[in-house]
Amino acid sequence: MSKIDFQFSSPLTLLAEWRDNIGRLDDALVLGYTVDLAFLEHFFINQARGLGARITILSDAHNAVHSDVDVRGAGRIYQHGYALCSGAFHPKLALLIGEDDIWVAIGSGNPTTSGWGHNRELWLTIKAETESGPAALADLADWLRQLPHAVSIPHWIASTLTEVAGRLSAAATDPTIDGLTILGNLHTPILEQLPDTSVDHLGLSAPFFDPRAQAARALIGRLRPRSVTLGIQPLLSSYDGHTLAAALDQAPRAEVRHLSEAGGRLSHGKLIEWAADRQHTAMTGSANLSVSALMRSTAQGGNCELIACRTIDESLLPAGETISRQTLAAANTLSDEASTPPVPTIAVLGARLVAEGIDVEIVCNTPGKVEFEGSADGGPNSWTVLARFSGLNGHTRRTVPTPATPCRALRARFTTETGEVWVSPTAFITDTVKCQAPTGRKAASLIGDYGIDKVIDDPELAERFTKDMRRLLQESAKARATDEPSAPAPTKAAGVPADSDRWGTWMASFQQTVQPSLAGLLFPGAASILQISAAGWSIDVDEGTDIAEDEDAEAFEQPVDGQAARREASSVAEELRPKWKRWDRTLVRQLRDRDVDLGLRLLVLRLHLDLLAGDVFRGEDDWTWELMDLIHVVALTKDTDVLRTSPEVAEAPAEVQRTLGALLAVCFSLLFDELRQVGGNEWDLRAQRLWRALAPLVANTDDSCLEHQLLSPGQSSGPVAGETATKSLRDRALAALSDPHAETSALLAAAGTPAEFVDGVWLLDDEAVAGRRTVAQILTTTGTPAAVIVTTSGGVYAALWDADTLIYTDTTVKSWRLFTMSGPFRNPRSRLAGTDGLAGGSNIGPLARPGPKVTEMCERVGVNPQMITLALTSWS
């Protein structure tokens with residue numbers, strides 16, 4: 001049975017409901033005026049792709065608000081194109097299609113942070129089945145088919161719209177649904193499609209009214225209401241109160257409401273509702289109360305709009321404070337800015353990879369010359385000329401040769417005959433093959449979509465999840481053992497950056513394997529879902545601002561306050577800890593004994609850290625050793641003698657490496673809270689060896705990845721990595737990439753011996769330290785070979801160490817002494833800082849005249865013997 005409803009939440013809620021109740025998604029189509037692709041990638045596209053969808057985004061050619069460099073997947077995991085018409089391309093539509101289900105949202109919100117998260121929007125949603133649905137779906141299908149004939153869009157997007165339209169018509173009409181229509185204004189103005197009759201009441205609300213209130217006047221004239229109620233925001237709505245008040249004078253009675261502006265939230269919903277013969281009807285969608293939206297068709301130069309009409313039981317008009325018409329007439333929020341002169345129309349609608357190169361569709365309405373420019377990332381100063389054309393007119397297609405260097409973004413630089421230069425918005429080069437829906441799920445995949453918090457708290461769900469994970473690891477290992485590909489091999493397109501392409505393919509495959517919730521647990525933005533409350537939305541990305549349409553129709557949207565809180569560690573119930581501990585160790589054993597996909601190894605590590613933070617290992621003394629075991633099998637080869645990063649890690653996309661680096665930073669922060677970073681027992685030394693092998697990966701991560709992996713303790717008392725310590729480890733590893741002594745310097749500083757490395761010697765000048773013990777401590781930290789000079793208030797202390805030989809002197813003993821490092825005296829601390837002083841060393845000459853053994857040792861360590869001698873003999 002079909003379900004029709006008006007909602008104030010966004011298509012993100014619709015997608016979350018689809019994920020939880022249906023699962024597999026074939027097609028996801030989004031239409032909007034203003035678009036923020038980076039926002040959509042973060043909150044919508046990755047999740048829809050993980051459900052198996054082909055994703056298509058179509059937006060107005062001049063109103064993208066994202067930064068090009070923030071867009072990662074356009075053209076590779078989803079297709080995006082621009083639409084252009086005489087007015088604004090203004091419909092707001094989200095369409096989800098599965099094997100048996102069709103869900104539609106038609107409303108007022110643009111696909112931006114504001115439109116799908118912050119503003120007060122109004123959506124009509126339709127949830128139907130392919131076997132039986134409302135007749136209005138056929139109207140929507142007809143509109144989609146006609147759209148490419150009324151609006152300029154890329155031809156491959158037009159083909160997609162035709163395919164989608166073909167799936168909208170249900171096999172039968174649902175007899176329980178009536179009073180629903182979907183219509184646009186491609187050929188007939190919306191006003192002319194409304195009833196031409198007298199109604200009892202008319203309700204109006206919109207964020208924008210045309211300056212002369214012509215649309216409001218025309219609506220009142222057509223419907224001839226006995227009373228009118230107008231809802232506006234006093235400051236955030238865009239209107240001329242004088243002309244609006246005059247339009248209301250046509251009705252016998254009129255009420256004006258000031259709608260709430262609490263929190264600076266724009267009331268962006270568009271609503272026209274009327275009551276006649278005891279029947280109430282609401283019209284909502286994209287159309288403002290403007291001439292371009294209501295009184296002109298797209299063919300006549302108006303906007304392109306999409307609306308839905310539905311009978312309702314009660315008014316949808318928001319409550320507000322009633323004001324007088326005199327108060328309304330005195331208000332005017334329209335801008336007084338002078339109109340700007342017309343500019344040339346120059347828009348790249350889309351660019352697609354073809355065998356001959358790049359197929360570019362462009363609209364140009366002014367004589368001049370066009371240079372097509374390409375960029376690897378869309379950043380400043382990254383654009384190079386790919387081809388030049390002249391004589392372009394109207395909507396045309398041109399083939400640009402495949403560039404020799406990586407290129408994923410394309411734009412047009414247009415020079416008019418008078419020398420003016422205009423640059424088009426950026427189009428992202430599309431590989432339509434890669435953007436198709438995945439050809440099927442991997443053989444190894446989780447059956448359900450599990451949220452970690454729910455799994456930990458629900459014993460029955462935990463049992464299903466643990467069995468599902470064990471099966472998944474077994475199937476992954478079996479597939480790799482038989483050399484079966486775990487995902488389709490990416491077909492590298494010429495001129496497209498390989499790593500970005502591999503990341504999109506890798507991520508889509510991984511999401512299909514573990515489902516969106518667990519993918520989102522591991523990777524930032526993989527499956528983010530906005531959390532709704534009575535007060536509104538909470539969003540953890542930057543605001544995207546909607547740009548005004550041709551008549552300043554879209555008011556600027558307000559920023560969202562606050563960021564998403566860091567995820568809290570789940571406190572595992574005491575009675576469940578033994579089961580979780582056994583399950584975790586089973587998974588780690590599976591990783592150790594079998595060869596499974598890298599993504600699954602990362603997920604097991606992430607889950608282990610969650611269980612560790614949940615206090616599952618309370619009272620266990622060997623949790624650090626187990627964590628080191630897991631670090632080894634996740635990131636290194638199985639060789640225990642020589643620690644090397646596994647080839648799969650080295651060849652993984654950069655985003656995977658950054659996530660692994662963040663996980664490792666958390667791991668080492670936990671380990672070094674318990675273990676020593678210099679010297680110590682077998683456990684300490686193993687942690688130090690692992691750190692040296694994996695520090696370059698830790699250095700490769702960034703703050704956003706670290707933030708995603710860090711937990712707040714919450715109510716749990718398990719070990720949780722601290723932000724300061726974790727980021728300090730990352731910074732230390734990063735510094736070591738350019739300075740080979742940075743790691744040692746950091747360790748020395750942390751130990752209270754902040755020596756500096758100068759000309760091959762570690763130098764420390766501190767009046768308060770014990771000289772010989774400090775030399776021993778520094779040498780133990782630096783390792784061999786090394787040279788140290790410590791100056792204190794009591795003298796100068798120096799040592800040279802290489803392999804099993806250590807030479808020591810100071811200004812108190814005044815002779816050079818040679819020690820053999822063996823047996824219980826294998827390290828400088830045991831040899832120099834012991835209770836027996838300098839016993840066991842042989843005298844090899846006076847301090848002032850270093851002999852050949854000292855000179856030879858200086859050469860082995862790589863220092864100038866004169867530097868050592870000068871420091872010792874000049875002290876007084």
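Biologist: How many bridges join strand 15 to strand 16, and do they run parallel or antiparallel?
Modeller: Six bridges, and the two strands run antiparallel. This is a predicted model. Strand 16 covers residues 306-312.

Biologist: Which residue in strand 16 stands opposite M283?
Modeller: C309.

Biologist: What about strand 14 and strand 15?
Modeller: Strand 14, residues 271-276, is joined to strand 15 by six bridges, antiparallel. A275 has H280 in strand 15 as its bridge partner.

Biologist: How many residues sit between strand 14 and strand 15?
Modeller: Two, and the strands form a hairpin. In the turn, D277 has a positive phi of about 50°.

Biologist: Is strand 15 mostly covered or exposed?
Modeller: Mostly covered. Strand 15 spans residues 279-285, and five of its seven residues are buried.

Biologist: Zooming out, what is the strand order in the sheet?
Modeller: The order is 10-16-15-14-11-12-13-17. The sheet is open, with eight strands and mixed pairing.

Biologist: Which strands stand at the edges?
Modeller: Strand 10 (180-184) and strand 17 (321-323). Each has a single partner strand, so one side of each lacks a neighbour in the sheet. From one strand to the next, the twist averages 20°.

Biologist: New topic. In which sense do strand 12 and strand 13 pair?
Modeller: Parallel, over six bridges. Strand 12 is residues 227-232 and strand 13 is residues 253-258. T229 has E255 in strand 13 as its bridge partner.

Biologist: And which strands does helix 6 touch?
Modeller: Helix 6, residues 214-223, packs on the sheet and touches strand 11 (201-205), strand 12 and strand 14. The direction of helix 6 makes about 160° with that of strand 11.

Terms used: Residues numbered from 1 in each chain as written. Predicted model: local features only at pLDDT ≥ 70, side-chain atom pairs only at ≥ 80, totals over all residues. Heavy atoms only, no water. Buried < 20%, exposed > 50% of the residue type's maximum accessible area, 1.4 Å probe, protein only. Helix = DSSP H or I, 4+ residues; strand = E, 2+ residues; numbered from the N terminus. Pairing = 2+ DSSP bridges. Axes fitted to C-alpha atoms, helices over the stretch in contact; angles between N-to-C directions. Contact = heavy atoms within 4.5 Å.
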